[in-house]
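Here is a short report on one protein model. Keep the structure open while you read.

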Amino acid sequence: MGILAINKHEKIVTLKYFVMVVLMVCPSAYARGRFSDEFEPTFGGNRVRVWGRTNQLLSLSLDKYSGSGFRSKKEYLYGRVDMQVKLVGGNSAGTVTTLYLTSDQSTGTHDEIDFEFLGNVSGHPYTLHTNVFSHGKGNREQQFHLWFDPTANFHTYSFVWNPKLIMFLVDETPIRVFRNYENHGVAFPKNQPMRICSSLWNADDWATQGGLVKADWSKAPFTAYFRNFNIDACVGPIGAHSSCVTGPTTFAHSRGPTYRKPARGSWRNHDLDARSRNRMRWVQKHFMVYDYCKDWKRFSSQGYPPECKH
């Protein structure tokens, strides 16, 4: 019994040492804010537009013929991503604007971390849909309404991803944390690097009131705007060929909500403190509209997913 305990202890120490070494040899990566340097269009042709003398503003448009999207040229494994987004204004019913991290989806065991903004008719709030896929398994949805109008100005949406957690933040307020519970049999994204992706597309078969409200194409084109991205992350898979690049962060052209730049590399140890924990509780109490861990009808036959117990 003593030998087994020692072996188990040695494995835990070795794992902690490996994670510490990985994070020590992976300095932070950042791109200065030029979309043309760090991102490339994925579909939509000229519906993807980069604006300004320094290419620091990007727009995506949707019409009845096509949506549009872009993705990062590099893949990242662990880090922090911030993006300021101004969503489609007016009657945005049927539209979905996304910001997400995803590994190669063709494997069937991809990892993914999602923000999806579900449009609505004028005067009704957007629904912010979040999800986490690990090893191809998703179905971990939490949905929120926001405490501001996301179409009136730019707001900052952020992912923090490190070996112990995935955190979703809105204007630096955490709204959701998905922790690493591998020791309880819950898969966690840790091996597959991911690209940063965004898209604007037509989902009026389900996005607004379950598909009851369709897109009003007389209001097209629908347009969402992006600016002031921050990428502070490891580039590529961890291993002999992994590398990171470092550059200055700048939010010189920011307007709207105050955004305090996170310290470079702070994602490595990022977690909730007392203040941020209280902020997350406030958001989840007043603005959460769906939590898969509270959907009794959905899981009544097979029981709740194991992470819901923790």
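## A buried asparagine

N120 is buried, because its relative accessible area is 13%. Buried means under 20% relative accessible area, exposed over 50%, and partly exposed in between (1.4 Å probe, protein chains only). N120 sits in the loop between β7 and β8 (127-133). Helices (H or I, at least four residues) and strands (E, at least two) are DSSP runs, numbered from the N terminus.

UniProt lists N120 under "glycosylation site", in an unreviewed entry. UniProt positions follow the numbering used here, feature names are shortened, and annotations may be inferred rather than shown by experiment. Which residues does N120 touch, not counting residues up to four places away in sequence? They are G90, N91, S92, A93, P125, T208 and Q209. Contact means heavy atoms within 4.5 Å.

## About the model

This is a predicted model: local features need pLDDT of at least 70, side-chain atom pairs count only at pLDDT 80 or more, and totals for chains, interfaces and linings use all residues. Residues are numbered from 1 along each chain as its sequence is written, and side-chain values use heavy atoms, with hydrogens and water left out.

## The annotated active site

The "active site" annotation in UniProt, again from an unreviewed entry, covers E112 and E116. E112 is in strand β7 (residues 112-118). E116 is found in strand β7 too.

Is E112 buried or exposed? E112 counts as buried because its relative accessibility is 9%. E116 has 16% relative accessibility, so E116 counts as buried. The side chain of E112 makes a polar contact with the side chain of H110, at 3.2 Å. A polar contact is a pair of N or O atoms within 3.5 Å; within protein, one must be able to donate a hydrogen and the other to accept it, and residues adjacent in sequence count only if both atoms are side-chain atoms. Leaving aside neighbours within four places in sequence, E116 is in contact with V96, T97, T98, T127, L128, H129 and W206. With residues up to four places away not counted, E112 touches Y100, L101, T102, Q105, N131, V132, F133 and M194.

S103 is placed in the loop between β6 (95-102) and β7. S103 counts as buried because its relative accessibility is 6%. A polar atom of the S103 side chain lies 2.8 Å from the backbone nitrogen of D111. Beyond neighbours within four places in sequence, S103 is in contact with H110, D111, Q192, P193 and M194.

## The nonpolar core

The largest nonpolar core has 60 residues. Such a core is a set of buried Ala, Val, Leu, Ile, Met, Phe, Trp, Tyr and Cys residues joined through side-chain atoms within 4.5 Å. Which members touch the most other members? They are M83, F115, Y157, W161 and F226. The largest share of this core, eight residues, comes from strand β14 (residues 222-235).

Now look at M83. Its contacts, not counting residues up to four places away in sequence, include F35, F39, Y157 and F226.

## An open sheet

Seven strands form an open sheet, in the order β2-β3-β14-β5-β10-β11-β12. The pairing is antiparallel. Two strands pair if DSSP finds at least two bridges between them. The edge strands, β2 (48-51) and β12 (173-179), each pair on one side only.

Strand β11 (residues 165-170) pairs with β12 in the antiparallel sense over six bridges. V170 stands opposite T173 in β12.
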